[in-house]
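Please keep the sequence and the three-dimensional view at hand while reading.

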Amino acid sequence: RRLDPRAPEPPQIAAHPRALANLYPAPRAAPDIQAWTAIVNALALGRPRSGKPTSVGAALHAAGVTEARLAALLAAALDALCDLAPRIARRLEQAGGEAAPSWTEFAKLILTARTTDEAHRAARLKVARDWLAVEARNKS
C-alpha cells in the first residue's frame, strides 16, 4: 500500500526503519508525523547511489536550483517544506550524477523546521553555505 503524504498512518511510517534509524525519536505528535511522512516520501522518490553523499546545498546547486528557489526553500515553514520535499527529491533524482544528497541532512532540515531554535537555523545555514560555496567555485 502506498504512503499518502497528505494523510499518513503512523504504522506506515514506522515500517521504514532504515529511514528512521539514528536520526530522531519515533514520531508521536502530528507535526512529527507530517515531517517523517515527507522524509519517507522523499526517500522513496530518490534512488540510493554508491559513494559518499553530497551536501544538500551542493546537490541542489548541481540540480540547477536557483538562489531564489533556495531562499524560498530555506524560508519555508514546516507545511510548505513538507509540500516541497517530494519536488526536491524528484529534481535531485532527475539531475542524477553528482546530485546525490545527504538524506540525513535533508531530514534534519525538515525535522527541525517546526521550531525556531538554533538547530533549524544551523540546518538552513549549512544548506545555504554549501550552495554558495559551489556557486563561488563555479564563478571563479
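Predicted model: local features only at pLDDT ≥ 70, side-chain atom pairs only at ≥ 80, totals over all residues.

## How exposure is described

A residue is called buried when its relative accessible area is under 20%, exposed when that area is over 50%, and partly exposed in between. Arg121, with a relative accessible area of 43%, is therefore partly exposed.

## The overall build

The protein chain has eight helices and zero strands, and reading along its sequence gives the pattern α-α-α-α-α-α-α-α. The chain contains 140 residues, of which 42% are buried.

Helix H5 spans residues 67-75, and its buried residues are Leu70, Leu73 and Leu74. When the helix is viewed down its axis, these buried residues fall within an arc of 90 degrees, so they line one face of H5. An α-helix has 3.6 residues a turn, so residues three or four places apart point the same way.

Which exposed residues are carried by the face of H5 that is turned away from its buried side? That face carries Ala68, Arg69 and Ala75. Arg69 also belongs to a positive surface patch, which is described next.

The positive surface patch is formed by Arg69 together with Arg87, Arg90 and Arg91. Helix H6, which covers residues 78-95, supplies the largest share of this patch, namely three residues. Arg90 has its place in helix H6, and with a relative accessible area of 42% it is partly exposed, because this value lies between the limits of 20% and 50%.

## Salt bridges within helix H8

The structure holds four salt bridges. In one of them, the side chains of Arg121 and Glu118 meet at 3.5 Å, taken from N to O. These two residues are three places apart in helix H8, so they are separated by about one helical turn. Glu118 has a relative accessibility of 52% and therefore counts as exposed, whereas Arg121 is partly exposed at 43%.

Another salt bridge joins the side chains of Glu135 and Lys139, with an N to O distance of 3.7 Å. Glu135 and Lys139 are four residues apart in helix H8, and they too are separated by about one helical turn. Glu135, at 22% relative accessibility, counts as partly exposed, while Lys139 is exposed with a relative accessible area of 68%. Elsewhere, salt bridges that share partners join Glu105, Lys126 and Asp130 into one network.

What does the pair formed by Glu105 and Lys126 tie together? The side chains of Glu105 and Lys126 meet in a salt bridge of 3.8 Å, N to O. Because Glu105 lies in helix H7 (residues 103-111) and Lys126 lies in helix H8 (residues 118-139), the pair ties together parts that are 21 residues apart in sequence.

Glu105 is buried, with a relative accessible area of 13%, whereas Lys126 counts as partly exposed at 33% relative accessibility.

Ala44 is found in helix H3, which runs over residues 30-45, and it is exposed with a relative accessible area of 63%. Ala44 and Ala89 are 45 residues apart along the chain, and their C-alpha atoms are separated by 8.8 Å.

Val134 lies in helix H8 and counts as buried at 12% relative accessibility. Thr54 is placed in the loop between H3 and helix H4 (56-62), where it counts as partly exposed at 23% relative accessibility. From C-alpha to C-alpha, Thr54 and Trp103 are 9.3 Å apart in space, while in sequence they are 49 residues apart.

Technical notes. Residues numbered from 1 in each chain as written. Heavy atoms only, no water. Patch = residues over 30% accessible without salt bridge, like charges linked within 9 Å, V, L, I, M, F, W, Y side chains within 5 Å. Areas by Shrake-Rupley, 256 points an atom, 1.4 Å probe, with all protein chains shown as cover. Lys, Arg positive; Asp, Glu negative; His and termini not counted. Charge placed at Lys NZ, Arg CZ, Asp CG, Glu CD. Buried < 20%, exposed > 50% of the residue type's maximum accessible area, 1.4 Å probe, protein only. Arc of directions from axis to C-beta.
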